[in-house]
Amino acid sequence: MSTSRAAWSPTSWRALPAGQQPSWPDEGALESALKQIGSYPPLVFAGEARSLQTALGHVAAGNAFLLQAGDCAESFEEFSADNIREKLRVILQMAVVLTYSMGVPVVKVGRMAGQFAKPRSSPTEKIGDLELPSFRGHIVNNELPTAAARVPDPDRLVQAYHQSASTLNLLRAFTKGGFAALDRVHAWNQEFLASSSEGQRYMQVADEIERAVQFMRACGMDTESNPNLREVDVYTSHEALILGYEEALTRRDSLTGNWYDCSAHMLWIGERTRELDGAHVEFLRGVGNPIGCKIGPSTSADDAISLCEALNPSRIPGRLTLISRMGADQVESKLRPLLRAVTDSGHPVVWACDPMHGNTYTAPSGRKTRHFDAITNEIEGFVRAHRTEGTWPGGIHVELTGENVTECLGGADALSDADLDHRYETVCDPRLNGRQGLELAFRTAELVRSSPAN
Ligand code: TRP
Ligand code: MN
């Protein structure tokens, strides 16, 4: 482990080993793409990242809850207003359910507007008889099973920037322009949802919220123009995997003089690239954004504390979110020692549960999937671990889409292996559909509510 760290700069990561970087065939083309992105405007402002950090500070203190949700991998092909709106709609529904039933503010962060890059377990994969470079997300290559499609193309970095800008633009329009206003809470229920049991349950919550808003209006409050009721902050986040891209969007904030990675409000480090002496930890330790780090079952208590020291040496609440992805069977036993050790070290962290990535398996049909029961079981074990250790189960981090896809098994619809072929559309991991997402919000709220914070 490194003890003293040299001075940080946006390029200091380049001196260290960087895992999961594509081998770009043409260095010159890569450099010119990054130079171009470096000349483009930032996607987010430093002040917004600071607001998110403040909000996450409340989560760290046990007074708010984090909902981080969106695609496993955004797609260049599935890029439309409908797609973005439907995803936002489910996130808003989940947020409303969590806020209403838990009675604490919910910090909303999308895996959106930049979540393109994927780490892979192997640099190549076998498709039939073909050995091909792995698909690394649309920011790098294409998932089609041909050698040509898998060649990393730097133009994709530029395209990812533009798609992120458009997505963020629409998100800002929807969240500030009236779509997210609380008096529209009924309108977020999609048709396919309305008939389902979760949809009905959601309608009850919506009715109660409507009555509450009516009550406030009757009391003389201006509910129509009050931004607290009309607007919502939905922040953006993605895994900061392709470091050249992140470096190109890293800018010095004119107000504070600090560096911010302006590709998104929040960035995280994946389980596969969290080496203390690696380039990803080096890069993210120097930017002012709130950051996350995924931690899997092999994480030791020492690892967790060292990550806290490296990524949040000043111990700023909200700066660091540890996102555990242990698997339903192991979450309680693996997480508890980490909760204890980090708490004893005095490091303030947001503890979030990623109940997706430790519960992925290949179904008999050959499809990669996850079972809804395993996902809720991991959240249950996560909450139980926190209850035992006296810490706050700060949030969930999930992969979902607003569309009615059939990628994860189970849920109220009891999707089975045979259903997977109907609408299996993800370019990477299996996502919860709108119904399953909403159901998960109800279950999570019940679990956390029945588990008072110490
Ligand atoms: N602004 C509040 C919040 O973000 C209330 C709110 C408005 C809200 N629209 C929302 C909450 C949509 C959840 C979803 O919490
Ligand atoms: Mn994933």
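The exercises below, each with a worked solution, concern a predicted model.

**Exercise 1. The barrel**

Determine which strands close into a barrel, and how they pair.

Solution. Start with the strand order, which is β1-β2-β5-β8-β9-β10-β11-β14. These 8 strands close into a barrel with parallel pairing. Then check one pair of neighbours. Strand β8 (residues 266-269) and strand β9 (residues 291-295) run parallel and are joined by 3 bridges. Within this pair, Leu-267 has Ile-291 in β9 as its bridge partner.

**Exercise 2. Helices on the sheet**

Find which strands are touched by helix α2 and which by α3.

Solution. Take helix α2 (residues 46-60) to begin with. Helix α2 packs on the sheet and touches β1 (65-70), β2 (106-111), β5 (234-239), β8, β10 (320-324) and β11 (350-353). The direction of α2 makes about 125° with that of β2. Now turn to α3, which also packs on the sheet, with contacts to β1, β2, β5 and β14 (395-399). Between the directions of α3 and β1 the angle is about 160°.

**Exercise 3. Two crossing helices**

Describe how helix α3 and helix α4 cross, and sort the residues of their contact by type.

Solution. Helix α3 covers residues 81-102 and helix α4 residues 155-176; their axes come within 10 Å and cross at roughly 50°. The angle therefore makes α3 oblique to α4. The crossing of α3 past α4 is right-handed. On the α3 side, the contact is made by Ala-81, Ile-84, Arg-85 and Leu-88. On the α4 side, Thr-167, Leu-170, Leu-171, Phe-174 and Thr-175 take part. Sorted by type, the contact has 6 nonpolar, 2 polar and 1 charged residues.

**Exercise 4. A hairpin**

Work out how β3 and β4 are connected.

Solution. Strand β3 (residues 124-127) and strand β4 (residues 130-133) run antiparallel, with 4 bridges joining them. Thr-124 stands opposite Pro-133 in β4. The two strands form a hairpin with 2 residues between them. In the turn, Gly-128 has a positive phi of about 60°.

**Exercise 5. An aromatic pair**

Classify the aromatic pair of Trp-8 and Phe-283, and explain why the pair ties together parts of the chain.

Solution. The structure holds 5 aromatic pairs. In the pair of Trp-8 and Phe-283, the centres are 6.2 Å apart, with 45° between the planes. Planes under 30 degrees apart count as stacked and those over 60 as edge-to-face; this pair is tilted. Trp-8 lies in the segment before α1 (27-39), whereas Phe-283 lies in helix α9 (residues 279-285), so the pair ties together parts that are 275 residues apart in sequence.

Key: Residues are numbered from 1 along each chain as its sequence is written. Chains are lettered from A and ligands numbered from 1 in the order in which they are written. This is a predicted model: local features need pLDDT of at least 70, side-chain atom pairs count only at pLDDT 80 or more; totals for chains, interfaces and linings use all residues. Side-chain values use heavy atoms; hydrogens and water are left out. Two strands pair if DSSP finds at least two bridges between them. Axes are lines fitted to C-alpha atoms, for helices over the stretch in contact, and angles run from 0 to 180 degrees between N-to-C directions. Angles under 35 degrees count as roughly parallel, over 145 as roughly antiparallel, 65 to 115 as roughly perpendicular and the rest as oblique. A crossing is left-handed if the near helix is turned anticlockwise from the far one by less than a right angle, and right-handed if clockwise. Contact means heavy atoms within 4.5 Å. Ala, Val, Leu, Ile, Met, Phe, Trp, Tyr, Cys and Pro count as nonpolar, Asp, Glu, Lys and Arg as charged, and the others, Gly among them, as polar. Rings of Phe, Tyr and Trp (its six-membered ring) pair if their centres lie within 6.5 Å; planes under 30 degrees apart count as stacked, over 60 as edge-to-face and the rest as tilted.
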